[in-house]
Amino acid sequence: KGGDGTDQNDSATPVAVVDDQGGALGDLTDIAVGQNHACAVQNGGDRTAAVWCWGANTLGQIGIGQAGPEEPHAVKLTAPGPRPTQVTAGGSFACTRLGNDRVECWGDNTIGQLGDSSSAQSDSATQVDLGGRQGTSISAGDDHACASVRRGRQEASVCWGTNQDGQLNGEPGSPTDTTKVPPVDTGLSGAAELRPGGFHSCALADGSVRCWGGNFAGELGIGTTTSTPGIQTVKQLDGVEILAAGTNHNCAASVDGKVYCWGDNDSGEVGPGGGQNISLPREVPLP
């Protein structure tokens, strides 16, 4: 079912998302879209704040305690308490950050997407094992997620989920079984934004962009499509203030208002002239 509670009726125009009583779902402070599901944070005050999800639920990705129902419901968090402040959605899972900087995820977990050191699917939220550190921001890719964390004044970046192509720390297949280990430290600190993609991840720090993982379409932005272990600095790009990652491509906005993209361009993802992968950032002409 869609967010409006109907039985999978496609709509060419926007429809209002409703709550489980049929009323309009409002007072939202964050929203995220996964592969076939979506989630939103409802403010509602300290006692009634909640995360709502709707859409595909075959793997428990809307977090309501059971697979199957697809209309909007409030996610079953691990315990009452701090209000949710942020939500992110991956391929078939989702995560939220709570007010005390705890991170919880739900849905598919066959390759460690929930970060709880297991491979058990969860139809309700389960806490990510951050090793006693606090999560300050979260972001999900197709089958992995990343978070900025801190302990006191020490900051770090961690990722969890699939690592087949080095999405977690730039070293493909290490660790070899991410379903049995907690989130992996990337080695980066002070990242302003973390953006997991499909087979790679990127981070924004001090105006420059660093990427790691798969490089099949030039998504690392280093001028080649050759696999290169380790965290790479995207070439010919600085002064970045906004970063976004897709499955096999990325885009960045600079402080001077320009937009650059690189990676897979089969359908023109990085600007006009689709069909040829772009392995270095290219400015996208804006109207």
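The structure holds 5 disulfides, a disulfide being a pair of cysteine sulfur atoms within 2.5 Å. This is a predicted model, in which local features need pLDDT of at least 70, side-chain atom pairs count only at pLDDT 80 or more, and totals for chains, interfaces and linings use all residues. Residues are numbered from 1 along each chain as its sequence is written, and side-chain values use heavy atoms, with hydrogens and water left out. Taking the bonded cysteines of the protein chain in sequence order, the pairing reads 1-2, 3-4, 5-6, 7-8, 9-10.

- Strands here are DSSP runs (E, at least two residues), numbered from the N terminus.
- Two strands count as paired if DSSP finds at least two bridges between them.
- Strand 9 (residues 134-140) runs antiparallel to strand 10 and is joined to it by 6 bridges; Ile 138 has Ala 147 of strand 10 as its bridge partner.
- A hairpin with 3 residues between the strands is formed by strand 9 and strand 10.
- On strand 11 (residues 154-161), 8 bridges connect to strand 10, again in an antiparallel arrangement, and Trp 160 of strand 11 stands opposite Ala 145.
- The hairpin of strand 10 and strand 11 has 2 residues between the strands, and Gly 152 takes a positive phi near 65° there.

**Disulfide Cys 146 to Cys 159**

- The sulfur atoms of Cys 146 and Cys 159 are 2.1 Å apart, and the S-S torsion is about 100°, so this disulfide is right-handed.
- Cys 146 belongs to strand 10 and Cys 159 to strand 11, so the pair ties together parts that are 13 residues apart in sequence.
- Cys 146 is buried at a relative accessible area of 1%, and Cys 159 is buried at 0%.

**Disulfide Cys 95 to Cys 105**

- Cys 95 and Cys 105 are bonded with their sulfur atoms 2.1 Å apart; a torsion of about 105° about the S-S bond makes the disulfide right-handed.
- Cys 95 lies in strand 6 (residues 93-98) and Cys 105 in strand 7 (residues 103-107), so the bond ties together parts that are 10 residues apart in sequence.
- Cys 95 is buried, at 0% relative accessibility, and Cys 105 is buried with a relative accessible area of 0%.

**Disulfide Cys 251 to Cys 261**

- Cys 251 is joined to Cys 261 at an S to S distance of 2.0 Å, and the torsion of about 110° makes this disulfide right-handed.
- The pair links distant parts of the chain, 10 residues apart, with Cys 251 in strand 18 (residues 249-254) and Cys 261 in strand 19 (residues 259-263).
- Cys 261 is buried, with a relative accessible area of 3%.

Key: Helices (H or I, at least four residues) and strands (E, at least two) are DSSP runs, numbered from the N terminus. Buried means under 20% relative accessible area, exposed over 50%, partly exposed in between (1.4 Å probe, protein chains only).
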